[in-house]
Structure formats: C-alpha cells, structure tokens
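Visitor: I want to learn to read features from a model. Please take me through one, a feature at a time.

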Amino acid sequence: TYTRLANNTKPTASEIANSNLDYYYLVPDYNVLTYIRNIKQTTSLGQHNNKEIYINNFALTNDIDMSRTTNSVTNASTALLNFMFNDGIFDGQSYTIDNLEQPLYHAIGLSDVAEKKDEEGNITTVAQDYTTIVKNLRITNAKVSNAGILAAGQITNATISNITLSGSVEGIYIITDVLNTTTDETTGTTYNRYIISGALAPYVQDSHIFAVTNMATATIDENQTVDENTEFGISIGGITGISNRTNIIYSANYGNINVNSIPNDASKQTSENRSINVGGITGVAMGGLISYTYNAASVLNSYAKANSNALSKNTGYFYTGGIVGYGSVDTENNYPTLNYTYNSGIIKSGNKSNGVTTFTEGENGEIDYTINGRSYAGGIVGYSAGVTQHTTVKNSYNYGTVEALGKNGEYGFYWGKAGSN
C-alpha cells in the first residue's frame with residue numbers, strides 16, 4: 001500500500017535523493033495512465049547535486065477497462081504508452097487493465113551497457129546503471145497484433161514479476177536495430193536478424209522473469225511469411241520469442257500456440273536460417289535459466305494433415321518443444337539450463353510435406369533445388385545446438401503427446417544422463 005500525500009504537495013528533490021523510501025505517482029484511471037510519459041520526462045522536482053530529480057515510479061490504484069475509454073486504436077502494434085519505460089518501477093498493485101488492444105509499453109528497460117557502432121563497424125560499450133521493474137499487474141482480454149502484450153518489442157535488463165496475461169497475440173515482430181542486423185556485402189541488402197512473437201514481449205534480454213502466467217493464445221497464420229531479407233527464421237513462445245541471458249522462474253503458459261507461417265525461399269533453407277522455432281515458454285533460449293516453469297497448452301509448429309493444402313509448401317526446419325523450441329549459446333558461450341520444468345501440452349512439429357527434395361531445371365540449364373526440411377519435437381526441448389556443449393535439462397518431465405512429421409521421415413531418440421541434454 002502507498003500513503004497519499006496531501007493535495008498540492010510534493011516531495012523535494014533532496015527528500016527523494018536522500019530518502020530510503022520509493023516515491024510513486026498514483027494512477028487512478030486511464031487519463032493519468034496515458035500521461036505517464038509526460039510525467040516521467042517533463043516533471044522535474046528540482047536538482048540535487050547538480051542532477052535533475054524526477055519521480056520515475058508509478059502505481060495503479062484502480063482497475064482500468066479500456067473498452068470504456070474514448071481511446072481510438074489506429075495501429076494495434078503501437079503501444080498505449082509509446083515510449084521506453086526504464087529506470088523506474090511500475091506497480092500494478094494486483095489491479096487489472098482489461099480489453100487492451102495494443103501493447104502497454106513500447107519497450108521496457110535499457111541495457112546496463114550502452115553499445116555504439118562507429119563508421120568502421122567497431123562497437124564500443126559504456127556502463128550504465130538502471131533499475132527497471134514491472135510487477136503485480138493483470139492484463140486481461142488483450143488483443144494485440146505484431147507485438148507483445150506488456151512490451152511491443154524488447155525487455156532488457158529488467159525485472160518482471162507477478163504478471164498475468166490473457167487474450168490473444170497475432171502476427172510477428174521484426175527487430176531492425178542496427179546492432180542486430182547484418183549486411184550482405186555483395187548485394188548491399190540488410191537482413192533483419194530476428195522475427196519473433198511472444199505474449200509478454202517478443203524479445204527478452206538480461207532480465208529476470210518471475211511468476212509470469214500467460215493464458216493468451218499466439219497465432220501466426222499461413223499468410224504471414226518470412227520476409228525475403230530476413231537472415232533467420234521465426235521464433236515464438238508463450239512467454240517470449242527469444243530469451244537471451246534471461247532467467248524465467250515460477251512461470252507458466254496456458255495459451256495455445258499455432259504457427260502456420262511459410263519460409264518463403266526454400267532454396268536458401270539451412271538449419272540456422274528460415275527455421276521456425278516454437279516453445280511453450282520461449283521459441284529460442286540463448287543461455288539463461290528456466291526453472292520451476294511449465295507449459296500446459298498445445299504447441300503446433302507448421303502442423304497439418306497430409307491432404308491439407310494450407311501447408312503444402314511449408315517445408316523447412318521446425319524446432320518445437322514444450323518449454324524451449326531451440327536451445328542455443330549466448331554471447332558469453334553459455335547454453336541454457338532447464339531445472340524442474342514440466343510439460344503436459346500436445347507438441348506437434350512439421351507436416352507430411354516436409355522433407356521433400358525438389359529439383360527443377362532453369363532456363364540456362366542450371367539446377368535449382370529445395371534442401372530437405374527437418375522436423376524436431378521434444379516434450380521439454382525441441383532441439384539443442386552445439387557439438388561439445390548442449391542445453392542442460394534436469395529434474396524435468398513430459399506428459400504431453402509429442403509428434404514430428406515429415407515425408408519418408410526417419411526418427412531417433414536421444415538419451416542423456418542426469419545433468420546433460
């Protein structure tokens with residue numbers, strides 16, 4: 001609970017700087033909620049030691065039903081609070097934001113290291129000190145497109161705790177940041193590295209996710225193909241599409257995931273690009289810890305019956321897992337660790353058109369071909385990259401049905417001792 005100051009009073013800059021207490025703006029309704037950006041960026045309480053002092057913390061004091069506001073959503077992927085929330089605390093106090101039709105925030109948190117790329121492509125880093133927390137919030141009956149519900153794009157260097165989400169997430173989010181792209185030196189084409197989707201946020205890095213429960217469904221339909229300039233494929237999860245150096249603990253997914261996207265250029269498919277990575281919790285885990293976390297929803301990755309025309313062209317590399325679709329190394333050469341995880345959802349990967357090699361002769365006699373696709377499925381992890389190191393799975397079990405489909409497919413079982421893959 002929070003103690004309200006008397007009307008027309010506010011703490012001084014020195015009181016905030018020297019106090020052990022956290023000061024908050026109280027948010028009773030939609031109008032104040034949408035004014036947070038102005039409050040945070042323009043309302044100075046004065047200076048302390050030659051530094052401007054602001055109140056960066058906010059707390060809800062009522063439920064907010066977005067269907068009862070006059071707010072008009074012109075772009076569902078544009079956030080309600082269309083700015084980056086960082087160096088502050090947002091406490092929902094267990095209140096609910098209902099019928100949200102766009103992400104709450106554009107992004108949450110900032111890296112503790114600022115990276116800059118010079119004209120020669122060299123990256124320099126500068127240390128930063130930020131504390132960003134979002135906690136104790138329910139967002140129900142959300143309907144969001146091409147973004148996450150809590151954050152449209154990224155959560156970085158933040159703590160997210162005691163969050164409940166419900167509703168639906170449709171479509172994909174594309175990271176186009178200059179530090180996350182590569183350029184083909186021959187063609188000059190810049191490739192987006194990540195096409196992602198997740199109910200909490202599409203991409204989470206260097207963060208702590210604690211007690212997050214998702215009940216929102218996630219869907220990518222067959223008309224949303226991988227962009228031709230994309231270097232990597234699609235990653236989607238019940239919580240996040242990609243978790244990078246992030247801990248996800250005491251969290252759960254109850255929202256069904258159904259991905260029917262089509263890699264657009266099969267001739268360029270490899271195990272690393274044009275893949276579709278789908279997990280009940282995260283599509284791709286790059287390092288980090290996932291613990292005391294479970295999935296109880298169906299996870300369908302490009303799955304269809306043999307006679308279905310919808311996915312007749314959908315061949316590629318499909319990695320599908322109850323918790324993690326694809327386990328990979330992070331930038332510090334660490335693989336993810338899963339401990340005390342559980343899956344009871346149905347896991348289905350690929351379709352009976354997958355695994356076909358097609359040869360065609362071009363006008364000049366050259367041979368074009370489609371590389372064999374592969375389907376991987378696991379109750380806990382769909383696939384783990386690495387030769388000498390792999391994703392670690394401990395004290396985990398699966399009760400769900402697991403199926404990987406392909407034409408003339410082969411199958412195999414990979415067993416690992418305790419503490420290994």
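Guide: Begin with R68, which is exposed at a relative accessible area of 74%. Exposed means over 50%, buried under 20%, and partly exposed in between (1.4 Å probe, protein chains only). This is a predicted model, where local features need pLDDT of at least 70 and side-chain atom pairs pLDDT 80 or more, while totals for chains, interfaces and linings use all residues. Residues are numbered from 1 along each chain as its sequence is written, and side-chain values use heavy atoms, without hydrogens or water.

Visitor: Which residue meets R68 in a salt bridge?

Guide: Side chains of opposite charge can pair when their charged atoms come close. The rule asks for a side-chain nitrogen of Lys or Arg within 4 Å of a carboxyl oxygen of Asp or Glu. Here the partner of R68 is D65, at 3.6 Å from N to O. D65 is partly exposed, at 25% relative accessibility.

Visitor: How many salt bridges does the whole structure hold?

Guide: The search finds three. One of them joins D206 and R245, with the closest N and O atoms 2.6 Å apart. D206 sits in the loop between β18 (201–205) and β19 (208–214), and R245 in the loop between β22 (240–244) and β23, so this pair ties together parts 39 residues apart in sequence. R245 counts as partly exposed, at 22% relative accessibility. K348 and E403 also form a salt bridge, at 3.7 Å between the closest N and O atoms. K348 belongs to strand β33 (residues 347–350) and E403 to strand β40 (residues 402–405), so that bridge ties together parts 55 residues apart. E403 is partly exposed, at 26% relative accessibility.

Visitor: Which backbone oxygen does the side chain of S375 reach?

Guide: The oxygen of L405, at 2.8 Å. S375 is in strand β36 (residues 374–378) and is buried, at 19%.

Visitor: Is S243 buried or exposed?

Guide: S243 is buried, with a relative accessible area of 1%. S243 is found in strand β22. Beyond its neighbours within four places, its contacts include V204, I248 and T282.

Visitor: Which residues make the nonpolar surface patch of about 430 Å²?

Guide: F210, Y250, Y292 and Y340 make that patch. Patch residues have over 30% relative accessible area and no salt bridge; like charges are joined within 9 Å, and nonpolar side chains (Val, Leu, Ile, Met, Phe, Trp, Tyr) within 5 Å. Areas come from the Shrake-Rupley method with a 1.4 Å probe; for residues, only the protein chains shown count as cover. Y250 is in the loop between β23 (247–249) and β24 (252–253). Y250 is partly exposed, at 47%. The accessible surface of the chain is about 20,500 Å², 44% of it from carbon and sulfur atoms.

Visitor: How many aromatic pairs are there?

Guide: A pair of aromatic rings is described by the distance of the centres and the angle of the planes. Rings of Phe, Tyr and Trp (its six-membered ring) pair with centres within 6.5 Å; planes under 30 degrees apart are stacked, over 60 edge-to-face, the rest tilted. The count is 17. In one of them, the rings of Y319 and Y383 have centres 5.0 Å apart and planes at 50 degrees, so the pair is tilted. This pair links distant parts of the chain: Y319 in strand β30 (residues 317–321) and Y383 in strand β37 (residues 381–384), 64 residues apart. Y319 is buried, at 1%, whereas Y383 is partly exposed, at 28%.

Visitor: Which residues form one aromatic cluster?

Guide: Y25, F58, F85, F90 and Y105 do.

Definitions and conventions
Helix = DSSP H or I, 4+ residues; strand = E, 2+ residues; numbered from the N terminus. Polar contact = N/O pair within 3.5 Å; in protein donor to acceptor, adjacent residues only side chain to side chain. Contact = heavy atoms within 4.5 Å.
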